[in-house]
Amino acid sequence: MVGKKPFKFYKYPNCQSLKFAMDAALPPLTAGTLYLVATPIGNLEDITLRALRVLRECDVVAAEDTRHSGRLLKHFGISKPLLSCFQFNEARRSEEIIERLRRGEKVALVTDAGSPGISDPGERVVKAAIAAGFRVESVPGPCALVAAMTASGLPTDEFHFIGFLPHKSGQRRNKLESLKSFDGTLVLYESPYRVEKLLVELSEVFPEHEVVLARELTKKFEEYLRGKPAELLAMAKKRSLKGEFVVMVGAV
Ligand code: SAM
C-alpha cells in the first residue's frame, strides 16, 4: 500500500500474534453498517480473515440458523449474540435489523453456507437497509456457484445462474425450455433428491449439451462428473448420487 511501511512478518513468530498484529493495522468496522459475510460451503479453512474479523467485531450476527452458525462461531472461538433471520421471518427481521443499524450497531448477516442472498436469505434485508439509507458491505468468500464454475471446464465468460428450479414438473420443464435459446453456460442448484429427475429433464431438453455435476465442493468427496445428460443419468442409476450438487449445462 502506498505510503505505508511494509508489514514486518518476522516480528510475529506465530499465527495468533500475526492475526492480532494484522487486526491492529486494520480500520475498525463502521457503525450502522450491514455486513454480508460469506461462510464455508464445507471446508472450514475457506473462511476469510476478514470474515473472522467482522464476526468478532460486529455487535450481532443475524443467522439463517442460529444453532448452525453458533457452532461455526464457536469453532473459531467467537462468542456473539445471534438473531435468527430465515426465509419466513426475513421481512419482520429486516425491521429489527434496520432499528439496530439506526442505533449505530454493526450487523453481520450469515447463512448456513456460502454467500448470503445467493439462493439464501439476505436480499430483503439488503433492500431494506439500502432503502433506509444504511451502508451495506459485502465480505466475499465461498459461493458454490463460483467454486463450481471455476473447475467445471465449461465457458465462464457468459453464464446464467438459475438457482433452484421450481418443484412442480410442468413449471420445471417450462423454465428449462425457456432457457434453450441462451448461448452460454447454465448453472443450477439441485437437491440430491431431485438430481436424477433433473438429469432426465436435461436429457429431454438439452440432449446434446455437455453437463457437469459438481458434487460436495470443498469436502472430502468432492468430484466433478462430466458427460451428456443421458451418460450422467446412466451413471446415477449405477451409483446413488449423494451430497450437494451444482449442475452446469454447457452451450452446444
Ligand atoms: N448461498 C449458498 C452459496 O453461496 O452457494 C447456496 C445456498 S443454497 C440454499 C444450497 C445449495 O447450494 C445446495 O443445494 C447445492 O445446490 C449448492 N451447494 C452448497 N454447498 C455446496 C457444496 N459444498 N457442493 C456442491 N453444491 C453446494
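How many residues of domain 1 are in contact with how many residues of domain 2? In this predicted model, local features need pLDDT of at least 70 and side-chain atom pairs count only at pLDDT 80 or more, while totals for chains, interfaces and linings use all residues. Residues are numbered from 1 along each chain as its sequence is written.

The chain is assigned domain 1 (9-139) and domain 2 (144-249), with bounds that come from an automatic or database domain assignment. A distance of 30 Å separates the C-alpha centres of domain 1 and domain 2. Across the boundary, 8 residues of domain 1 are in contact with 10 residues of domain 2, contact being defined by C-beta atoms, placed from the backbone, that lie within 7 Å. The side of domain 1 that touches domain 2 consists of 3 nonpolar, 4 polar and 1 charged residues. Here Ala, Val, Leu, Ile, Met, Phe, Trp, Tyr, Cys and Pro count as nonpolar, Asp, Glu, Lys and Arg as charged, and the others, Gly among them, as polar.

The ligand is surrounded by 23 residues, the closest being Gly 114, Ala 144, Tyr 189, Leu 217 and Glu 244; a residue is counted if its C-beta atom, placed from the backbone, lies within 6 Å. Two or more residues of this shell come from each of α6 (144-152), β7 (185-190) and β10 (245-249). Such elements are DSSP runs numbered from the N terminus, with helices (H or I) of at least four residues and strands (E) of at least two. The shell around the ligand comprises 11 nonpolar, 7 polar and 5 charged residues. Because domain 1 (9-139) and domain 2 (144-249) both give residues to the shell, the ligand lies between them.

Two helix pairs were examined. Helix α4 (residues 90-102) packs on helix α5 (residues 123-131) at an angle of about 40°, with the axes 9 Å apart. Axes are lines fitted to C-alpha atoms, for helices over the stretch in contact, and angles run from 0 to 180 degrees between N-to-C directions. The two helices, α4 and α5, are therefore oblique to each other; angles under 35 degrees count as roughly parallel, over 145 as roughly antiparallel, 65 to 115 as roughly perpendicular and the rest as oblique. The contact of α4 with α5 involves 7 nonpolar, 1 polar and 3 charged residues.

In the second pair, the axes of helix α8 (residues 195-205) and helix α9 (residues 229-238) come within 8 Å and cross at roughly 150°. Helices α8 and α9 are therefore roughly antiparallel to each other.

Note on methods: Contact = placed C-beta atoms within 7 Å.
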